[in-house]
Amino acid sequence: MKWQNQYGDTFDTRDDAYQDAEEMLDSDDILRWIVDNYPASTVLEWMGDKALDPTLECIDAYFNENYMEVEDDNDENY
């Protein structure tokens with residue numbers, strides 16, 4: 001199975017598609033997503049050693065919304 005994003009770009013593996021999702025988001029996108037999805041008290045807690053957690057959650061959410069698995073034309077059913 002292959003993966004495809006909302007623009008029609010296809011990827012051979014989920015890892016390749018996920019890496020593309022990471023590259024599509026800049027720091028402003030990530031910060032905006034965090035502020036929209038978490039209360040200020042939670043954001044303040046993350047300002048310490050947990051700052052990576054919301055970044056990864058943002059990338060996961062973006063990936064889940066914009067990438068899907070598609071059938072590979074080269075797959076053969078036996």
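Me: Hi! Is N66 buried or exposed, and why?
Reply: N66 counts as buried because its relative accessibility is 17%. Buried means under 20% relative accessible area, exposed means over 50%, and partly exposed is in between, using a 1.4 Å probe and protein chains only.

Me: Which elements have the lowest and highest mean pLDDT?
Reply: Among the elements of the chain, α3 has the lowest mean, 79, and strand β2 (residues 10-11) has the highest, 96. Where pLDDT is low, the predicted coordinates should not be read in detail.

Me: How many helices and strands are there?
Reply: The chain has 4 helices and 3 strands, and from the N terminus the order is β-β-α-α-α-α-β. Helices (H or I, at least four residues) and strands (E, at least two) are DSSP runs, numbered from the N terminus.

Me: Back to N66. Where does N66 sit, and what does N66 touch?
Reply: N66 belongs to helix α4. Not counting residues up to four places away in sequence, N66 touches Q4, N5 and Q6. Contact here means heavy atoms within 4.5 Å.

Me: What about Q4, then?
Reply: Q4 is in strand β1 and is partly exposed, with a relative accessible area of 21%. Leaving aside neighbours within four places in sequence, Q4 is in contact with D9, T10, N66, Y67, M68 and V70. Q4 and E71 are 67 residues apart in sequence, and their C-alpha atoms are 9.7 Å apart in space.

Me: Which residues of α4 are buried?
Reply: They are P54, C58, I59, A61, Y62, F63 and N66. These buried residues pack against β1 (2-5), α1 (14-24), α2, α3 (40-46) and β3 (67-70).

Me: And D60?
Reply: D60 is in helix α4 too, and D60 is partly exposed at 33% relative accessible area.

Me: What length should α4 have?
Reply: At 1.5 Å a residue, the 15 residues of α4 should span 21 Å, and the end C-alpha atoms are 21 Å apart, which agrees. The expected span is 1.5 Å times one less than the number of residues.

Me: New topic: what volume does the largest pocket have?
Reply: The largest pocket has a volume of about 150 Å³.

Me: Which residues line the largest pocket?
Reply: The lining is made of L25, D29, I30, W33, C58, A61, Y62 and E65. The elements giving two or more residues to that lining are α2 (27-37) and α4 (52-66), and α4 supplies the largest share, 4 residues.

Me: How many of the lining residues are nonpolar, polar or charged?
Reply: The lining divides into 6 nonpolar, no polar and 2 charged residues.

Me: Last one: what share of the whole chain is buried?
Reply: Of the 78 residues, 29% count as buried.

Note on methods
Residues numbered from 1 in each chain as written. Predicted model: local features only at pLDDT ≥ 70, side-chain atom pairs only at ≥ 80, totals over all residues. Heavy atoms only, no water. 1 Å grid on protein atoms, 1.4 Å probe; cavity = no way out; pocket = protein on both sides within 12 Å on 5 of 7 lines; lining within 4 Å. Points joined across faces, edges and corners; volume = space filled by probe spheres on them. Nonpolar A, V, L, I, M, F, W, Y, C, P; charged D, E, K, R; others polar. pLDDT = per-residue confidence, 0-100.
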